[in-house]
Amino acid sequence: MRMAASSSQQWEYGQENLPSNSNRVAAVIFDKDGTLLDDSQSNRLWAEGVARHACSTVSELCREKGIPEPDVSLLTAEIYSDIQYNAATGKPVASGVLASRPWGEIYLAVAQVAQRHLPADLTGAIDSHRVQQWTESLDIHAHQPPLCDLSRLQADMEDLGLACAICTADSRRALEAQVAQHALTGLGGVTVAACDGLWPKPDVRVGRHLTQALNVGADDTVCVVGDSLADLELAHNINGVAIAVLSDPAKRDILMPRAHVMVKSVAQVPAVLRWLRQHPPSTVQ
């Protein structure tokens, strides 16, 4: 059931009914990119940089074999198509591969496109590990400013007595570097990265791992905050509260059907949580 927005609040309800214990949120799981940190420029830099690496590497391998080099514009277009990146806007397609899948899957998609432009005897010359090396050479995470006052957000979470975690499709190396850079220890007391050998969002097993690590009681629930369907589905899979962050307004119609609450900025999340504590779901649905 769709619930109406309140004029006195800086958020609105999505189309999903709140879980029965939504006034007992004991912990919050934050997404990182697009939720806490602005990834709009880093996505563009990554897509363009990796495409350049792919074109250069494929061309070099072809020259070594004495065969014609690929059409660089065609190879670039194929990479963008397979990872669902819109070069005209400089943004990933909403809920597409680049926007929502773990980095391992994205690296594989790029490698598979590059391999299609190489002869059979060079099978495996470009793999996910090589694409990851290209990524690490780009230093894209230096171009991810905070999307709100993160120190204030952390103080609010502490004031609410909430345990916090960060669950991201990014690498462990990037996650730890950004936790240190932005002093995110208050939000990332527990962290899960794509390369940790666990399960990608929205797998219920990663949700259970996090709720256990956060010591969430049987009668309490968890709030998952993010800007992708994977984040919202994770919340549903663990019977939690799904808060959609509309850092990209274009995602509104995609996220609304699976959101309990929608906010324009992650900075509004503490106010939502305070409201939920004071209002059992039966009083707002």
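**Salt bridges in a predicted model**

At 27% relative accessibility, R44 counts as partly exposed, because this label covers values between buried (under 20% relative accessible area) and exposed (over 50%), with a 1.4 Å probe and protein chains only. The structure is a predicted model, in which local features need pLDDT of at least 70 and side-chain atom pairs count only at pLDDT 80 or more, while totals for chains, interfaces and linings use all residues. Residues are numbered from 1 along each chain as its sequence is written, and side-chain values use heavy atoms, with hydrogens and water left out.

R44 forms a salt bridge with E48, their closest N and O atoms being 3.4 Å apart; the term means a side-chain nitrogen of Lys or Arg within 4 Å of a carboxyl oxygen of Asp or Glu. Both residues lie in helix α1 (residues 40–65), and because they are 4 residues apart there, about one helical turn separates them. Helices (H or I, at least four residues) and strands (E, at least two) are DSSP runs, numbered from the N terminus.

D121 is exposed, at 52% relative accessible area, whereas K65 is partly exposed, at 39%.

Elsewhere, D33 and K32 form a salt bridge with closest N and O atoms 2.7 Å apart, and both residues are buried. Salt bridges also link R152, D156, D159 and R274 in a network, and the count comes to 19 salt bridges.
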